[in-house]
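Please read this report alongside the sequence and the 3D view.

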Amino acid sequence: MELKKALFNISALADLGEEITSEKNFREKLQSLLYVILGTFLASKGAITCQERSGDKIAFAARKGFDNLSLDNIDVAGIRAAVKNEPYSVNSDPALVKAGVQIVTPLWVRNEFIGTIMLSRKFTSEAYAPEDFELLRVIAHQVAITLNNRSLFMNLTEQLNDNRKLYEEMRKIYHDTLQAFAAAIDAKDVYTRHHSQRVARYSVAIARELGWSEHDIEGIYVAGFLHDVGKLAISNEILNKKTPFTPKEMEEVRRHSLLSYKIISHIKFPWKDVEKIVKHHHERPDGTGYPDALSRNDLSEGAKVLALADSFDAMTSKRAYRDKMDLREALDELSRCLNKQFDDKIMLAFCKVLDKEIRGDLPIPNILPHLDKDFDLSLITALLEGIIQELSDGNEKD
Ligand SMILES: [Fe+2]
Ligand SMILES: [Fe+2]
């Protein structure tokens, strides 16, 4: 079931990935958007409806399932009277209940009622959690804005003239959806909340320091968000275990990077090698990593960046089986594992960017805001300078 869940999620994301790179009419785009929403919430049926141009009725703009739902029979006034853009559980409208609609979100932009998102129960039979409501609220807002363009309603099947604008809107939804997926991954493990987001930001900081192009930086950001998506297919019981893993459990947990790769290789990304970077985020320069035991020269720079960002966050976060390290301990640990687990060029970039952030030399810090602030400033800057000096000397000799 877990694997099915992950694949269902990702096939939806794959659809949307295709969407933003292809030219399709608006109705098809909405249909893809619906699939993403269904995937995100693990709902088997759903619909996006929109307010008709005249009168008080709403019509289907996209649907999956709900074949026996007639929108003529539902209480639209009741939906309009509910809190704007706030998902709620349906219990008083017999037509909705009978058709299996469980959650309705009335979509509003300012004072205009736009339509709704309707979802069935989850196919896992789990109840909708408070985080689901939170995510749905974010997504609803995006959908409402997208639907708000009046001209889109007038003829949904007509190609939009303003493709660029739509593309930008889809792109934004795509990014929000990625965030929603990352939240879903991190929610699996109470100890790794926001892990994917931090890894994405740390990777961006390192890549920028390495002088990557903005396009490639966006790619590693996405890779950071999705690197642990394969964990959706691994049981919570193992992931949240408070005692050390048995060899068998370790093997199971280690499957996640290959699973992440398999899952996201279906997605047509606008960026190069996202899936390969993700696949290799647990590889090590000394060749003892997994799943392919690649060595230094076979590893892409992206994989090395992601590996360091991932480990640094793991070290500085509390996990089920151990406490977190403070910044000094984490830097010592990274240094200790240099060349075995981490690449020295990446470590140099990481230390430089962290040093700049601590000195306030960067307008938008990506690492510092996520760290505990109780470190000894002079000790850390001295430590960073020492590492930078040593690694710079080493690089010169190369
Ligand atoms: Fe991982
Ligand atoms: Fe990770």
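The sections below treat a sheet, a helix packed on the sheet, and a pair of helices in this predicted model.

## The sheet

Strands of a sheet pair through backbone hydrogen bonds, in either a parallel or an antiparallel way. Here 5 strands make up an open sheet, and their order is E2-E1-E5-E4-E3. The pairing is antiparallel.

Strand E2 (58-64) and strand E3 (88-89) are the edge strands, each pairing on one side only. The partner of E3 is strand E4 (residues 103-109), and these two run antiparallel to each other over 2 bridges. Opposite Tyr 88 stands Val 104 in E4.

## A helix on the sheet

Helix H5 (residues 130-147) packs on the sheet. The strands touched by H5 are strand E1 (46-51), E4 and strand E5 (112-119). Between the direction of H5 and that of E4 the angle is about 45 degrees.

## Helices H9 and H13

Two packed helices are described by the angle between their axes and by the distance between the axes. For helix H9 (residues 214-226) and helix H13 (residues 301-315), the axes come within 11 Å and cross at roughly 45 degrees. The crossing of the two helices is right-handed.

On the H9 side, the contact involves Ile 220, Ala 223 and Gly 224. They meet Gly 302, Val 305, Leu 306 and Ala 309 in H13. Of the residues in this contact, 5 are nonpolar and 2 are polar, with no charged ones.

Methods: Residues are numbered from 1 along each chain as its sequence is written. Chains are lettered from A and ligands numbered from 1 in the order in which they are written. This is a predicted model: local features need pLDDT of at least 70, side-chain atom pairs count only at pLDDT 80 or more; totals for chains, interfaces and linings use all residues. Axes are lines fitted to C-alpha atoms, for helices over the stretch in contact, and angles run from 0 to 180 degrees between N-to-C directions. Helices (H or I, at least four residues) and strands (E, at least two) are DSSP runs, numbered from the N terminus. A crossing is left-handed if the near helix is turned anticlockwise from the far one by less than a right angle, and right-handed if clockwise. Two residues are in contact if their C-beta atoms, placed from the backbone, lie within 7 Å. Ala, Val, Leu, Ile, Met, Phe, Trp, Tyr, Cys and Pro count as nonpolar, Asp, Glu, Lys and Arg as charged, and the others, Gly among them, as polar. Two strands pair if DSSP finds at least two bridges between them.
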